[in-house]
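Below are my notes, in the order in which I looked things up.

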Amino acid sequence: MKVYSFPRGGLPYDDSTAPGKEAVVNAYLPTISIIPLGDSLKKAYPVVSIGECVKEGMLIGRGAGSGDVNIQSSVPGRVLKKVSWKDKDGLNNEALMIKLEGSFERLGRREEILHWNGLSGYDLQKIISDYGIVEMENFGRSLSEMISSARREKDKLTLVVRCVFDDPWLIADYALCRDNIRAVVDGAAIVAKACMKVNQIIFAVSRKEKELGDMLISEAGSLEYPVSLVLTGSRYPQHNNRELELALRAYEKKEGLNLGNFLIFGPAVLSAVHDAVVHKKPILDRYVAVGGAAIKNPQIMKVRIGTRIGEVIDQCGGFSEAPAKIVVGSPLSGREISYLNEPVGKTCYAIVAMTKSQVSTPKQQNCINCGECRSVCPVGLDPQIIYKQTRAMEIDNASAVGCHGCGCCKIVCPSALPLLETILEKNQEAVSA
Ligand code: SF4
Ligand code: SF4
């Protein structure tokens with residue numbers, strides 16, 4: 001079967017400190033949960049009072065504005081207080097602290113099943129909105145908002161299930177997909193119906209995980225949408241929407257198809273959609289890859305939303321040495337955290353604790369004109385030139401337009417120059433000019 005990739009740049013990315021594909025370990029239920037209400041960019045307003053008892057899955061925060069989402073409690077308990085903190089990016093975060101009390105409504109009980117085929121697209125979107133389903137990556141965009149914009153598209157759409165694992169820190173999403181194939185497939189069909197414009201569903205799967213692709217296609221045989229499997233390369237950043245679209249356009253051309261615009265979703269959000277619609281269950285937990293050289297026993301864990309990151313690390317045997325940096329998400333694109341009390345949120349797919357030797361970069365040298373940065377840039381930028389222009393105060397912000405921050409240039413630079421940071425800054429200035 002032919003493999004489709006983006007045409008230029010990129011590089012293989014591996015990390016031996018990431019956990020392997022072994023079985024997923026259930027994290028302990030936290031005695032104290034910190035359930036995020038949002039940050040400076042999006043917010044939910046508490047609908048419960050301090051001291052009030054809440055049930056597992058109960059609405060505790062209501063999204064008020066555009067892009068905001070509802071928040072449910074992942075545990076039963078008593079609301080102790082509202083907490084807030086500023087993260088390393090300067091965003092103000094708010095959360096409700098809940099002490100575990102009472103019995104679980106769902107854990108260990110038989111789940112109810114709703115047959116959703118008779119529901120309209122609007123009914124499905126309402127359920128998705130009520131249960132606060134978000135993209136479960138990046139900034140956690142509201143899925144209901146994404147569905148509304150998809151409906152406004154003039155042409156037909158192709159829904160793409162992205163199972164592209166070019167980054168070893170996406171291993172938790174691989175495990176989630178492997179363990180919840182039916183939920184991912186049904187979630188795709190539900191979103192397709194809610195969008196009302198979807199013509200077909202493509203499962204885009206890394207070539208090295210073809211077996212997973214075959215399982216998805218076999219499960220999807222009963223859907224009312226035409227489905228196909230497209231194998232992609234595993235060169236980083238193949239999973240980025242831009243690079244995935246380029247690979248899919250090559251497939252479209254080769255097969256003589258007209259796929260229209262793409263709606264791309266990872267397995268975590270699709271599985272969450274299935275649980276919300278079929279089991280009336282909000283997002284209570286997240287598969288998280290926990291590793292990095294500073295973690296004693298790296299593993300994939302199923303963690304309740306709101307569990308403190310320090311507790312998750314304790315359950316991996318703690319630190320093997322003092323971490324120099326802890327990142328939520330991939331080390332290439334993730335967010336550094338300041339406190340071990342920060343909670344696991346809906347978008348947290350990895351926790352990486354790095355040692356001093358992992359984060360220390362070689363001393364910066366002058367550019368040696370090796371051309372490596374240019375050759376790996378998937379967008380076709382010339383990081384060397386942009387960096388030199390910036391240093392020489394020759395302002396040309398436009399030359400950085402298109403950079404999507406993959407970091408390939410920074411990884412390969414033998415002179416350890418801060419290419420990524422410089423170019424992202426220029427890109428930002430160009431966008432806001
Ligand atoms: S970070 Fe930007 S400039 Fe560097 S390789 Fe990626 S897209 Fe190109
Ligand atoms: S990779 Fe680094 S040293 Fe090589 S050309 Fe680019 S900036 Fe210069």
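**Entry 1: a reminder to myself.** I am working with a predicted model, so I keep that in mind on every page.

**Entry 2: ligand 1.** Which residues come closest to ligand 1? I found C377, C403, C406, C408 and C409 closest, in a shell of 15 residues. Next I looked up where the shell comes from. Helices α12 (408–412) and α13 (419–432) each supply at least two of its residues. The largest share belongs to α13, with three residues. I then sorted the shell around ligand 1 by class and noted 12 nonpolar residues, three polar ones and no charged ones.

**Entry 3: L340.** I went to the loop between β17 (335–336) and β18 (350–354), where L340 sits. Is L340 buried or partly exposed? I had 15 C-beta neighbours inside 10 Å for L340. Being buried takes 20 or more, and being exposed takes 12 or fewer, so L340 counts as partly exposed. Leaving out residues up to four places away in sequence, I listed R308, I309 and G310 as the residues that L340 touches. I also checked L340 against E421: they are 81 residues apart in sequence, and their C-alpha atoms are 26 Å apart in space.

**Entry 4: α1 and α4.** For two packed helices, I note the angle between their axes and the distance between the axes. How do the axes of α1 and α4 cross? Helix α1 covers residues 121–130 and helix α4 residues 181–195; their axes come within 7 Å and cross at roughly 120 degrees. An angle of 65 to 115 degrees would count as roughly perpendicular, and roughly antiparallel needs over 145, so I put α1 and α4 down as oblique to each other. I marked their crossing as left-handed. On the α1 side, the contact is made by G121, L124, Q125 and I128, and on the α4 side by I190, K193 and A194. Sorted by class, the residues of this contact are four nonpolar, two polar and one charged.

Definitions and conventions:
Residues are numbered from 1 along each chain as its sequence is written. Chains are lettered from A and ligands numbered from 1 in the order in which they are written. This is a predicted model: local features need pLDDT of at least 70, side-chain atom pairs count only at pLDDT 80 or more; totals for chains, interfaces and linings use all residues. A residue is near a molecule or strand if its C-beta atom, placed from the backbone, lies within 6 Å of it. Helices (H or I, at least four residues) and strands (E, at least two) are DSSP runs, numbered from the N terminus. Ala, Val, Leu, Ile, Met, Phe, Trp, Tyr, Cys and Pro count as nonpolar, Asp, Glu, Lys and Arg as charged, and the others, Gly among them, as polar. Two residues are in contact if their C-beta atoms, placed from the backbone, lie within 7 Å. Axes are lines fitted to C-alpha atoms, for helices over the stretch in contact, and angles run from 0 to 180 degrees between N-to-C directions. Angles under 35 degrees count as roughly parallel, over 145 as roughly antiparallel, 65 to 115 as roughly perpendicular and the rest as oblique. A crossing is left-handed if the near helix is turned anticlockwise from the far one by less than a right angle, and right-handed if clockwise.
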